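Student: I have a structure open and want to learn how to read it. Can we go through it feature by feature?

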Amino acid sequence: MKMKPVHLRKLAAIMEVKGKALFSKNFIIMPIFSLGFTFLMKTIYGAVTKGAFDMSAYALALGVLMNLMMVGVYCTAAALAEEKEKNTLRTLMTSSVNGLEFFLGSLIPVVLMSTVVNVLCAFIAGFDMGLSQWIPYLAITVACSAISAVIGMIFGIFAKTQMSAGTITTPALLILMMIPMFSGFSGTLEKISGLLFTGIIFNAIANIGNALPAADLKGILVLAAEFLVSVAVFLALYRKNGFER
Amino acid sequence: MNQHYISIRHLSKKFSKDFVLKDVNAELGKGEILGFLGPSGAGKTTTIKILTGQLRPTSGEAEVLGIPCDHIDERIYEQIGIVTDVSGVYERMSVYDNLKYFARLLNVPLREIDPLLKRIGLYEHRKKPASKLSKGQTQRLILARAILHRPKVLFLDEPTSGLDPSTALEVHKLLMELRDEGMSIFLTTHNMEEATKLCDHVALLNEGVIVEYGSPEEICLKYNRNKKYRVQLTDGTRHLLEQNSQAAEKIASWMASGRIETLHSCEPTLETVFLEVTGRELQ
């Protein structure tokens, strides 16, 4: 596939519109929900353990997972589905916007919002990190936000309406969240979790909390592979969407 | 020599086993309006989709601004404007912000938005969310967006479908102004009055085949076999006369005595031509 040039002027315009859309009433509830969920987990686990164990890493991991699913996957899918539902995607495609510009313009605002929420989640969860821990935390959360946003765009391409975006993303969101959450109960789930970006960030937060390296080489390769495959699938679907459909 | 902005040669398109376009030929020069006229399902929208790179032809060739349509990429969209029945607007954004967004995408100075809004009669509504616009206003916003970057070729798919007569008239006036400014316009319609009024050339399309092609006057005169004249006299009586020496004498005597109120030739309309050629109604 020949790489298209990216015009910063177009990219900035798309990012501005997409960024504003994320703050609309349809979408702003999702990051707020993730922050609230983190606070709830922190409070519940704090009450259950009565402070005997530091459960901040676990509460943070759950909050980050929720954020990646709701902001990263759901908001991106719903925003793209809305563009299809209102016929603005086709209008953009016939207004000199290429697939890569649309892709980056949609991706960057979501990743930025998701990253800000992930940072806020760390404070809400009371997850104490030094600079040497913040750097891997930010790196891995940004990477996972990007992957979740691209996956959201793939769902958005398939969804015909915002409502159907919710319907088709829900099972995937549950699977992507629950496998890491229950990976401790089954060897098979643990292996599968190690191949999912959600599983890698779930373990990474625990590792950061234990002053261990956030991810090993295999984890980094899995993240890179999932990102590249997701991007390739999205661009192929975007091109296909404009022809013969 | 007239430069052809659109050139269609032996264009065919097949969906599954059915041809929706068969051996279509047409040309559009600078500052001309070409209309594809036909009922629903005639292949009009398919033609626009092929010309704008949204569909690939099964066979034949089509070029827009010298670029083959199966090689169109996003760069051509900086030189053409498209208005279709599925053109969308950003409903949460204001009228102005909708145009601002596309001005930034198409590298149009923002100072050109207000004059355009005044020209299409939406300046008073520029701060209104697009979701609050009427259908006619939304159609005008879509049209404004399509001409924002002053394209060389404008594609319009049923531009006045569903609009009230006064809004349709405003759209017609704007299209004629754009044509006079040198913009080439390719439009599809099933409204024969619209085609007659606007188009320099029309193609009557039926089941994917062009059954007649030419200027509306040429086509109508070609089928004006039974030449008749409709006369209304000052006393209110009406007469339908065939073209012959007796009728000529009668008309001459009425004219001499000042009794003629109105006198019209009765050449067929595009609609009656279409009905005669295809046996189908346009609507």
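Student: How are helix 6 of chain A and helix 9 of chain A oriented to each other?

Tutor: Two packed helices are described by the angle between their axes and the distance between the axes. This is a predicted model. In it, helix 6 (residues 131–158) and helix 9 (residues 197–209) of chain A pack at about 170 degrees. Their axes are 10 Å apart. Angles over 145 degrees count as roughly antiparallel, so helix 6 and helix 9 of chain A are roughly antiparallel to each other.

Student: Which residues of helix 6 and helix 9 of chain A meet?

Tutor: From helix 6 of chain A come Q133(A), P136(A), Y137(A), I140(A), T141(A), C144(A) and I147(A). They meet F197(A), I201(A), A204(A) and I208(A) of helix 9 of chain A. Sort this contact by class: 9 residues are nonpolar, 2 are polar and none is charged.

Student: Now chain B. What is the strand order in its open sheet?

Tutor: The 4 strands run in the order 2-1-4-5, with antiparallel pairing. Look for the edges next. Strand 2 (18–29) and strand 5 (67–68) of chain B each pair on one side only. Strand 5 of chain B pairs with strand 4 (residues 59–64) over 2 bridges. In one of them, V64(B) has I67(B) as its bridge partner.

Student: How many residues does each chain bring to the contact between chain A and chain B?

Tutor: Chain A brings 18 and chain B brings 21. On the chain A side, helix 1 (8–22) and helix 4 (88–93) each supply at least two residues. Helix 1 of chain A gives the most, with 4. By class, the chain A side has 4 nonpolar, 9 polar and 5 charged residues.

Terms used. Residues are numbered from 1 along each chain as its sequence is written. Chains are lettered from A and ligands numbered from 1 in the order in which they are written. This is a predicted model: local features need pLDDT of at least 70, side-chain atom pairs count only at pLDDT 80 or more; totals for chains, interfaces and linings use all residues. Two residues are in contact if their C-beta atoms, placed from the backbone, lie within 7 Å. Ala, Val, Leu, Ile, Met, Phe, Trp, Tyr, Cys and Pro count as nonpolar, Asp, Glu, Lys and Arg as charged, and the others, Gly among them, as polar. Axes are lines fitted to C-alpha atoms, for helices over the stretch in contact, and angles run from 0 to 180 degrees between N-to-C directions. Angles under 35 degrees count as roughly parallel, over 145 as roughly antiparallel, 65 to 115 as roughly perpendicular and the rest as oblique. Two strands pair if DSSP finds at least two bridges between them.
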